Amino acid sequence: MRRAGLLIGLLLLTACGGPVEVDSPDLDGADADACAAFVDALPSTLADEDQVEIDPADAPAAAYGDPAIVVTCGVDGPEGFGPGSSCEIADKSRWYIPSEQYGDEPRELTLTAAWSRPRVEVVIPADYWPNATAAVMAQLAPLVRELRTVGGRCL
C-alpha cells in the first residue's frame, strides 16, 4: 500500500509540472568551464518563455516554458552534420538544422551551434512553431559567439 501511495505521489508531481528532465553531457576541462559560463549567462526568458527548473539541477542546460524549450551545452555533433552542411545564420552565429526538419508544418526542431566548441543544442517543441526558432537563434547568438569557433563553412 505504501508503494502505491509513493507511485501516486510521483505521478501527481510529474503531472503538476515538476523539473524538466534534461541530458547532462559528460564534460571535462575547457568544455566544462565554457559550458558553465554559457549556462550562467543564459537569459531568464527565451522566446518569451520563462526559465523553469531542470533535473539534474547541475546539468549544463536550461529549460524554458511548458512544453519546454531545452538548451544543452556540450552535446555531440548532430546526425547528418558534416563539411559543407547547410546552416541558418543569426547575428553572426551559425545553426545547423537537419534537412528533414524544414517544412511548412509545425514540428519539433533541433538547432545545433555545430560550428562552436563546445556545441550548443536547442530543442524547440512544435507548439512554438514557427516563431520561436528565429527568436531563439537571435537571443542566443551573442552567447554562442563567445564560445570557440571551429573551422568549416556552411552553405
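This is a predicted model: local features need pLDDT of at least 70, side-chain atom pairs count only at pLDDT 80 or more; totals for chains, interfaces and linings use all residues.
Good morning. I begin with a pair of strands: strand 9 and strand 11 (residues 119-124) run antiparallel and are joined by five bridges. Within this pairing, Thr112 has Glu121 of strand 11 as its bridge partner. Two strands are taken to pair if DSSP finds at least two bridges between them. In general, the strands of a sheet pair through backbone hydrogen bonds, either parallel or antiparallel.

Residues are numbered from 1 along each chain as its sequence is written, and side-chain values use heavy atoms, with hydrogens and water left out.

Helices (H or I, at least four residues) and strands (E, at least two) are DSSP runs, numbered from the N terminus. By that count, the protein chain has three helices and 12 strands.

I turn now to Gln101, which lies in the loop between strand 8 (93-95) and strand 9. Is Gln101 buried or exposed? Gln101 has a relative accessible area of 17%, so Gln101 is buried. The cut-offs are under 20% for buried, over 50% for exposed, and partly exposed in between, with a 1.4 Å probe and protein chains only. A polar atom of the Gln101 side chain lies 2.7 Å from the backbone nitrogen of Thr110. Leaving aside residues up to four places away in sequence, Gln101 touches Arg107, Glu108, Leu109 and Thr110.

My next topic is the aromatic rings. The whole structure holds two aromatic pairs. In one of them, the rings of Phe81 and Tyr96 have centres 5.4 Å apart and planes at 70 degrees, so the pair is edge-to-face. Rings of Phe, Tyr and Trp (its six-membered ring) pair if their centres lie within 6.5 Å; planes under 30 degrees apart count as stacked, over 60 as edge-to-face and the rest as tilted. Phe81 is partly exposed, at 22% relative accessible area, whereas Tyr96 is buried, at 6%. Phe81 and Trp115 are also an edge-to-face pair, with 4.9 Å centre to centre and 80 degrees between the planes. Trp115 is buried, with a relative accessible area of 3%. Together, Phe81, Tyr96 and Trp115 form one aromatic cluster.

Finally, a word on confidence. The pLDDT, the predictor's confidence in each residue from 0 to 100, averages 87 over the protein chain, and 88% of the residues score at least 70. Over residues 1-15, however, the pLDDT is below 50. Thank you.

Terms used
A polar contact is a pair of N or O atoms within 3.5 Å; within protein, one must be able to donate a hydrogen and the other to accept it, and residues adjacent in sequence count only if both atoms are side-chain atoms. Contact means heavy atoms within 4.5 Å.
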